[in-house]
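Hi,

Here is the structure I promised to pass on. Have a look at it first, and then read my notes below.

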Amino acid sequence: TVSLEMFSLRYCASDAVIMALAESESACGGQLCLVDIAFSTKVTDVSVKLLVRNSPALERINMRGCKGISGECYNNIPIYLERRRRGETVPEEA
């Protein structure tokens, strides 16, 4: 079995790819720490939120230039990840 700690697919990630990653053993098993999907125009809030919820070890996700991601998601996901990392109570909805 291959496990990923870092996943980078700049410019070409899509919701389908991110959702598959979110369901992977690496994400759900707590190995995935860093995701870089910068400038991927086919990624939306839906797949990013699923990935964040399913990846307990995720510390950082680079969403720069992802036009399909709302400003709210872009701004709130890093705050959510930092609070989760510190062990603070975080809302169920990322």
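**Starting from I37**

I37 sits in the loop that runs between strand 2 and helix 3. Bear in mind that this is a predicted model. Despite its place in a loop, I37 is buried, with a relative accessible area of 0%. Leaving aside neighbours within four places in sequence, its contacts are L9, R10, A13, I18, V43, V48, I61, N62, M63 and C66.

**The core**

Which residues touch the most other members of the largest nonpolar core? They are V35, I37, V48, L51 and I61, out of 23 residues in that core. Helix 1, helix 3 and helix 4 (71-85) are the elements that each give two or more residues to it. As a general point, nonpolar side chains tend to be buried together in soluble globular proteins.

Helix 3 is mostly covered, as seven of its ten residues are buried. Those are D45, S47, V48, L50, L51, V52 and N54. The cover over them includes helix 1, helix 2, strand 2, strand 3 (60-62) and helix 4.

How do helix 3 and helix 4 lie relative to each other, roughly parallel or roughly antiparallel? Their axes come within 11 Å and cross at roughly 0°, so the two helices are roughly parallel. On the helix 3 side, the contact is made by D45, V48, K49, V52 and R53, and on the helix 4 side by C73, I77, Y80, L81 and R84. Sorted by type, the residues of this contact are six nonpolar, four charged and no polar.

**Helix 1**

In helix 1 (residues 15-22), the buried residues are D15, I18, L21 and A22. Looking down the helix axis, you will find them within an arc of 125°, so they line one face of helix 1. The face turned away from that buried side carries the exposed residues A16 and A20. Among the elements covering the buried residues of helix 1 are strand 1 (6-8), helix 2 (25-28), strand 2 (34-36) and helix 3 (45-54).

Cheers

Notes:
Residues are numbered from 1 along each chain as its sequence is written. This is a predicted model: local features need pLDDT of at least 70, side-chain atom pairs count only at pLDDT 80 or more; totals for chains, interfaces and linings use all residues. Side-chain values use heavy atoms; hydrogens and water are left out. Buried means under 20% relative accessible area, exposed over 50%, partly exposed in between (1.4 Å probe, protein chains only). Helices (H or I, at least four residues) and strands (E, at least two) are DSSP runs, numbered from the N terminus. The arc is that of the directions from the helix axis to the C-beta atoms. Contact means heavy atoms within 4.5 Å. A nonpolar core is a set of buried Ala, Val, Leu, Ile, Met, Phe, Trp, Tyr and Cys residues joined through side-chain atoms within 4.5 Å. Axes are lines fitted to C-alpha atoms, for helices over the stretch in contact, and angles run from 0 to 180 degrees between N-to-C directions. Angles under 35 degrees count as roughly parallel, over 145 as roughly antiparallel, 65 to 115 as roughly perpendicular and the rest as oblique. Ala, Val, Leu, Ile, Met, Phe, Trp, Tyr, Cys and Pro count as nonpolar, Asp, Glu, Lys and Arg as charged, and the others, Gly among them, as polar.
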